[in-house]
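Colleague: I am new to this structure and would like a close look at one part of the strand pairing. Could you start there and then lead me outward to the rest?

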Amino acid sequence: AHMAAAMAENGWRRADGAVVGIALDGLGLGDDGTVWGAEVLVCDYVRSRRVGRLSPIPLAGGDAASREPWRALAAHLDRALGRSAVDGEAHLAPLFADRPLATVRAMIDRGLNAPLGSSAGRLFDAAACLLGLAPGRLSHEGEAAMALEAMAEGASGAPYPFAITPGGGGPAELDPAPLWRAMVQDLAAGRPRAQMAAAFHAGLAAAVCALAQDVARAEGLDSVALGGGVFQNARLLEETVRRLEAAGLRVLAPAQVPANDGGLAFGQAVVAAARRLGGETAAPA
């Protein structure tokens, strides 16, 4: 629905066929029954197929992981560095002081209320938490990400790295483990937080654009739709559009229709109309 909203707003016709879609959001139920929130799709107005995703992390506590950024940070760092390395980093200790980290890890180990999720929103929350920009408990979703965007204003930094792993029959994965290792090193070295925030934004934009370009080449497509609440971040949106256009791709970006859930009803109506007109089993029209 996010993709359909961006496509329709930009005048994409049913006859124009499929696009590559980059959907960056908080959390939502995917069509495979798992939690989605950072996906690369091939889609038209009738169907979509997931071809890439952010590597998922366990969201310990379920909804609590969306309210308390330290939970997402712990899951990301444990995955990227290993628990012993995380516990051995003195400069990371204050981030988890007075937090039930051992309990959260036990929940993850036992698979107890810790669903896997590929959420771009939780990635932003975790990065903001690492830089000391997130409260222990958010007052609203997006609070930590907004602080991270504000910190990056006026700063620059070379993109933090991601690894792209081929799907091997499933979706390709954008692995942020290299990003976390680089951020932890920079934090220990005292790099200015504004530069780190800028490098985070650049790194995510570079990673999703690289994967979208790979998909576009493989599928013979020349247009990319952007959607999801994370694209309310102007810095990320502008950097993503710039990179895609530099690669020769047409970008269908949200403008008048909200990128977040405020635009979902429009996208859902467009999908419903297309299916009614063309039939859900029809070839892309």
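Modeller: Let's begin with cysteine 43, whose bridge partner in strand 3 is serine 48. Strand 3 covers residues 48-54, and five bridges pair it with strand 2 in the antiparallel sense. (Strands count as paired if DSSP finds at least two bridges between them; strands are DSSP runs of E with at least two residues, helices are runs of H or I with at least four, and both are numbered from the N terminus.) Four residues separate strand 2 from strand 3, and the two strands form a hairpin. Before we go on, please keep in mind that this is a predicted model, in which local features need pLDDT of at least 70 and side-chain atom pairs count only at pLDDT 80 or more, while totals for chains, interfaces and linings use all residues. Residues are numbered from 1 along each chain as its sequence is written, and side-chain values use heavy atoms, with hydrogens and water left out.

Strand 5, residues 116-119, is joined to strand 2 by three bridges, but here the direction is parallel. In that pairing, glycine 37 stands opposite serine 119 of strand 5.

How enclosed is strand 2 by the rest of the structure? Of its nine residues (35-43), eight are buried, so strand 2 is largely enclosed. Buried here means under 20% relative accessible area, exposed means over 50%, and partly exposed is in between, using a 1.4 Å probe and protein chains only.

Not counting residues up to four places away in sequence, methionine 183 touches Ala127, Leu130, Leu131, Tyr160, Met196 and Phe200, where a contact means heavy atoms within 4.5 Å. Aspartate 186 lies in helix 9, residues 177-189. Is aspartate 186 buried or exposed? Its relative accessibility is 18%, so aspartate 186 counts as buried. Leaving aside neighbours within four places in sequence, aspartate 186 is in contact with Tyr160, Arg191 and Met196.

Helix 10 also packs against another helix. Its axis and that of helix 11 (residues 234-246) come within 9 Å and cross at roughly 40°. (Axes are lines fitted to C-alpha atoms, for helices over the stretch in contact, and angles run from 0 to 180 degrees between N-to-C directions.) Helix 10 and helix 11 are therefore oblique to each other; angles under 35 degrees count as roughly parallel, over 145 as roughly antiparallel, 65 to 115 as roughly perpendicular, and the rest as oblique. At the meeting of the two helices, helix 10 brings residues including Ala198, His201 and Cys209, while helix 11 brings residues including Arg235, Glu239 and Leu244.

Glutamate 153 and alanine 198 are 45 residues apart in sequence, and 7.6 Å apart in space, C-alpha to C-alpha. Glutamate 153 sits in the loop between helix 8 (143-152) and strand 6 (163-165), and it counts as exposed because its relative accessibility is 67%.

One last stop brings us back towards strand 5. The loop between helix 6 and strand 5 holds asparagine 113. Phi of asparagine 113 is near 50°, a positive value in a residue other than glycine. With a relative accessible area of 45%, asparagine 113 is partly exposed.
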